[in-house]
Amino acid sequence: MMSSSASSDTVAPGISREAFGHLPDGRPVSLFRLANRQGLRMCVTDYGGIIVSLHAPDRDGKLADIVLGFPDLDGYLSPLYQQANPYFGALIGRYANRIADGCFTENGTTCRLTVNDGDNHLHGGARGFSQRLWQAETFEHDDGVGIRLRYISADGEEGYPGCLECDVTYTLDDDKALTIDYRATTDRTTPVNLTQHSYFNLAGEGSGSIEGHYLQLNADAFTPIDRGLIPTGEIRSVADTPFDFTTMTRIGDRIEAPDEQLQLAGGYDHNFVLAWQTPPSDELRLAARLWEPDSGRQLEVATSKPGIQFYSGNSLDGSLIGKSNQTYRPRSGLALETQLFPDSPNNSHFPTARLRPGDTYVSRTRYRFSTDQEPR
């Protein structure tokens, strides 16, 4: 069993591995505990690449677990969780977010994917990367520790064309940061969009709503959605809307505003448009800054991708109980998913998600943790 959210214990830098349970077919699942010299501690399992816990210090140096999740594998395998499937802490692929009607056209051929979200395909299908057992390998460097995860997605898995070889690396470095590097290659042209789906609550997992957090998004536009949460194709300015997070804004101040887009999603569940270049650049750019006033914890998100999905945990309904034995109610955590745009395969004016044989999908996201007295 894992420890609950709050902790003042110090852990020596390094990596350890322990049993985390077994899948229904008997395969063993491992939990990897990582700690760096700056006090960050993280637990990752090779099932779904799930970040099970992430401890960060507050302004007084007190550690707390700041991501939602469960203390053991059974929580992630339970029928209740599988039915709700909020993707706590998981790696998402082959395509993060939604693809309309579960289909797209490639070279004149219609590819039909598994439909698992109404009429649409969501987060890789019925058994996306979040429910696959990855091969894991740990490493230690002079400036940090990490884990490398590998998975081969077979041709036809969830309907996708091509055999996709994926490599994802989590690195806890001594700059108080978690860096995630994604790489993938294919033998047939296929859409690829990988991300990480941790739910953050900087006050501590199980501590209540994230509506008191302050958020800044370096995005002047977002992609509006329809009733199925599929982008309409429009790229709309955030100016004079509840989606304007260009300066630090308390999340709860406008989340209940009488805005059609908020009402469709039950809060925020939208892709925000970061500046992107054609051809795309691999340069990291600051995408988001999140701050929680009571703890002083601050999270900065930098990415090489052109979009970030801000999801305010609207679908958490109180049916799941997390690590600290607290109920996860609506808005108990929020996700900041760096990504290509949702439904890009069906929108030619969106940044392309197409990966061809001979090319390499490359993406990097960096979560840097610090503390501050006030939002900046």
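This is a short talk about one protein chain and a few of its residues.

Hi everyone, some ground rules before we look around. What we have is a predicted model, where local features need pLDDT of at least 70, side-chain atom pairs count only at pLDDT 80 or more, and totals for chains, interfaces and linings use all residues. Residues are numbered from 1 along each chain as its sequence is written, and side-chain values use heavy atoms, with hydrogens and water left out.

Let's start with the whole chain. It holds 3 helices and 28 strands; helices (H or I, at least four residues) and strands (E, at least two) are DSSP runs, numbered from the N terminus. The radius of gyration is 19 Å, close to the 21 Å of the globule rule for 376 residues, so the chain is as compact as a globular protein of that length. That radius is taken over C-alpha atoms, and the rule is 2.2 Å times the number of residues to the power 0.38. Along its principal axes, the C-alpha trace spans about 60 × 50 × 40 Å.

How many of the 376 residues count as buried? The share is 58%, where buried means under 20% relative accessible area, exposed over 50%, and partly exposed in between (1.4 Å probe, protein chains only). Now for contacts, meaning heavy atoms within 4.5 Å. Among those between residues at least 6 apart in sequence, 67% join residues at least 24 apart.

Five strands form an open sheet in the order 20-19-22-25-26, with antiparallel pairing. Two strands pair if DSSP finds at least two bridges between them. At the edges sit strand 20 (236-237) and strand 26 (335-339), each pairing on one side only. Inside the sheet, strand 19 (residues 221-223) is joined to strand 22 (residues 269-273) by 3 bridges; Ala221, for instance, has Val273 as its bridge partner in strand 22.

Staying with this sheet, look at the loop between strand 25 (307-311) and strand 26, where Asn325 lies. Asn325 has a positive phi of about 65 degrees although it is not a glycine. Here is the background: most residues other than glycine have a negative phi, and most peptide bonds are trans. Is Asn325 buried or exposed? With 61% relative accessibility, Asn325 counts as exposed.

Compare that with Asn97, in the loop between strand 7 and strand 8. Asn97 also has a positive phi, of about 75 degrees, but Asn97 counts as buried at 2% relative accessibility. Arg94 is in the loop between strand 7 (91-92) and strand 8 (98-99) too, and a cis peptide bond joins Gly93 and Arg94, with omega about 5 degrees.

Strand 9 (residues 103-106) and strand 10 (residues 109-112) run antiparallel, joined by 4 bridges. Glu106 has Thr109 as its bridge partner in strand 10. The hairpin has 2 residues between the strands, and Asn107 takes a positive phi near 55 degrees.

My last stop is Glu157, in the loop between strand 13 (144-153) and strand 14 (164-173). Glu157 is buried, with a relative accessible area of 13%. Which residues does Glu157 touch, not counting residues up to four places away in sequence? They are Phe129, Arg132 and Tyr151. Ile51 is 106 residues from Glu157 along the chain, and their C-alpha atoms are separated by 24 Å.
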